[in-house]
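Welcome, and please open the structure in your viewer. We will walk through it one selection at a time.

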Amino acid sequence: MASIETVALEKTYQVGFWRKKTKAALRPLTLSVPDGEVFGYLGPNGAGKTTTLRLVMGLAAPTGGSFKVLGGDIGDPSIRAQIGFLPEQPYFYDYLTPRELLSYFAGLSAIPAKERTRRIEATLKRVGLYEDAWSTQLRKFSKGMLQRVGLAQAILHEPKLIVLDEPMSGLDPMGRREVRDLIEELNHEGKTIFFSTHILSDAEALCDRVAVLNRGELRGVGVVADLVGSVKGKVEIMWHGTAAVAAMQAQGFDCHAVGETVRAVVPESDVDRAIDTLRGHRAKLVAVTPMRTTLEDYFLAKLNSPAEVAR
Amino acid sequence: MTNRIGTIAFNTFREAVRDRVLYNLIVFAFLMIGASLLLGQITIGVQRQLLINLGLTAISIFGVLIAIFIGIGLVSKEIDKRTLYTVLTRPVQRWEFIVGKFFGLMGTLAVNAGLMTVGFFIALIYLMRGLQASDASILAAVYFILLQFMIVTAVALLLSSFSTPIESAVLTFAIFVVGSFSEDLRGFAEGAKGATHYVAMTISYLIPNFSALNYIASVAHGNAVPASMIAWNTAYALLYAGAVVCAAAIIFQNRNMK
């Protein structure tokens, strides 16, 4: 079953003084996020990622199309009870401590009173917030700490589907690593994770599938394992010694030297010829690496491609 | 349902209690009660009347200010700061959120009014060297002040569900002022002719009738408050505030979050 399924979901806004002009924040989007996947929703700033999440979470009404979350209607409280949501740059009640805030959310999520304390403390520890921060008011928290509190409230009630809007924003490299590990752990527990990001390395490391969005339009959807690692038909050769550069250039290979180390990218069919040339000039080979596509290549290619109807 | 409303109400109360604005206003209210005590001492014969008038007016005005300052931010602040996102994506109905907010602020106002009333009675006992039987009607006047708070809170909540905090504050205060003169407006409407008559009459019925809930001058003169008046005023305030909270919930139900 799909955890999130949208069919031609769209959102337009009326703009201008008389509200006669329309602006499309999300053009008809058809997308399916299967159960148990980590799904990355990629796009530059202003692509429509947050708009999509707001629609899917029932915070704004779509202008057209339809969608289902966990097979039901987001208006149904029993469906919302199974969802955890972290908004972008979360901000919480200033005068509450993390413990009080989570207690408030536990009350709203109907976590039994006798279980609350244990669950709250375990969740705070899980997101990397320890006892010394539990009694500090949130107004004294850094952006990164607030992000952790945000993650804690999203997973507190052990939801089936976790929707995260830019979960790594505001975190230092250590924090990002911890959140990545947490997302992996949650996925291993069988939870579906749908998260938006513009940090491609995070998506590449975590996601089973990604969708690329630009200017409110879906530009591509694919399985990350298929998108990255496919050979491009080119090989990168690195060697020490600039003596061979002239000979390589004479053969038509483009060389870039940094100090004594030189790098050239050659077509797969020319690798033997290039290596023979280097040996002939007694250059010391450092590496011969087939070039593979990265998620960044896919992302950049899709940003400018025509819109696609997703599978 | 009740649990969720209670949770939201308690959180609203806790947030309000930790807000400095509240304490500033309470301090001002106590200062005003203190000042009326001083004025009472230099006034011969009407000390009691002056203290009741000024003391209860202080409770009323500062309570209304708290209702407006906190009430206008109840919904709009949560939308601006996006704290609502993590609430509305839980199994909480939007109307439950509005009702919870209303009860949370009413709880805050009731506790404040209770505190200020205790302060006021201490001042009264100090000035008059004791209490008299007719002072019980002061409690009825305080109860009417609470009913006023209930309506002001509902109006602030309604306006806050679709407009900015500044607009909500100005409008709520304007409605409070006009409502406090609603009986004068009705008198004017009865004397007016043509379109003016109908417009003034309609406004006087639409605007909450705060003048009917103002018994301060009457109890200051030692008059008793009839039980029927308590019943009618309670019914009026409950119906008016209930209708306004319902309207706020309906508007909020269809509101798109930014």
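What percentage of the 311 residues of chain A count as buried? The figure is 40%. Keep in mind as you look around that this is a predicted model.

**Stop 1: chain A as a whole.** Select chain A and colour it by secondary structure.

**Stop 2: where the chains meet.** Show chain B as well. The contact between the chains takes 24 residues from chain A and 20 residues from chain B. On the chain A side, select α2 (77–80), β5 (83–86) and α3 (98–108), each of which supplies at least two residues. Which of these elements gives the most to this side? That is α3(A), with four residues. Colour the chain A side by class and you will see 18 nonpolar, four polar and two charged residues.

**Stop 3: a closer look at α3(A).** Stay with this helix and ask how many of its 11 residues are buried. Nine of them are, which leaves α3(A) mostly covered. Among the buried residues, pick out A:Pro98, A:Leu101, A:Tyr104 and A:Phe105. What covers the buried residues of this helix? From chain A, the cover includes α4 (113–126), α5 (131–134) and α6 (143–155). Chain B takes part too, and its α1 (2–17) and α5 (85–88) are included in the cover. Following α3(A) you will come to A:Ala110, whose phi is positive, near 55 degrees.

**Stop 4: two arginines in loops.** Select A:Arg215, in the loop between β8 (209–214) and β9 (217–223) of chain A. Its phi is near 50 degrees, a positive value in a residue other than glycine. A:Arg215 has 16 C-beta neighbours inside 10 Å, so it counts as partly exposed.

Next, move to chain B and select B:Arg82, in the loop between α4 (73–80) and α5 of that chain. Phi of B:Arg82 is positive, near 60 degrees. Why does B:Arg82 count as partly exposed? It has 17 C-beta neighbours inside 10 Å, and a residue would need 20 or more to be buried, or 12 or fewer to be exposed.

How values were computed:
Residues are numbered from 1 along each chain as its sequence is written. Chains are lettered from A and ligands numbered from 1 in the order in which they are written. This is a predicted model: local features need pLDDT of at least 70, side-chain atom pairs count only at pLDDT 80 or more; totals for chains, interfaces and linings use all residues. Two residues are in contact if their C-beta atoms, placed from the backbone, lie within 7 Å. Ala, Val, Leu, Ile, Met, Phe, Trp, Tyr, Cys and Pro count as nonpolar, Asp, Glu, Lys and Arg as charged, and the others, Gly among them, as polar.
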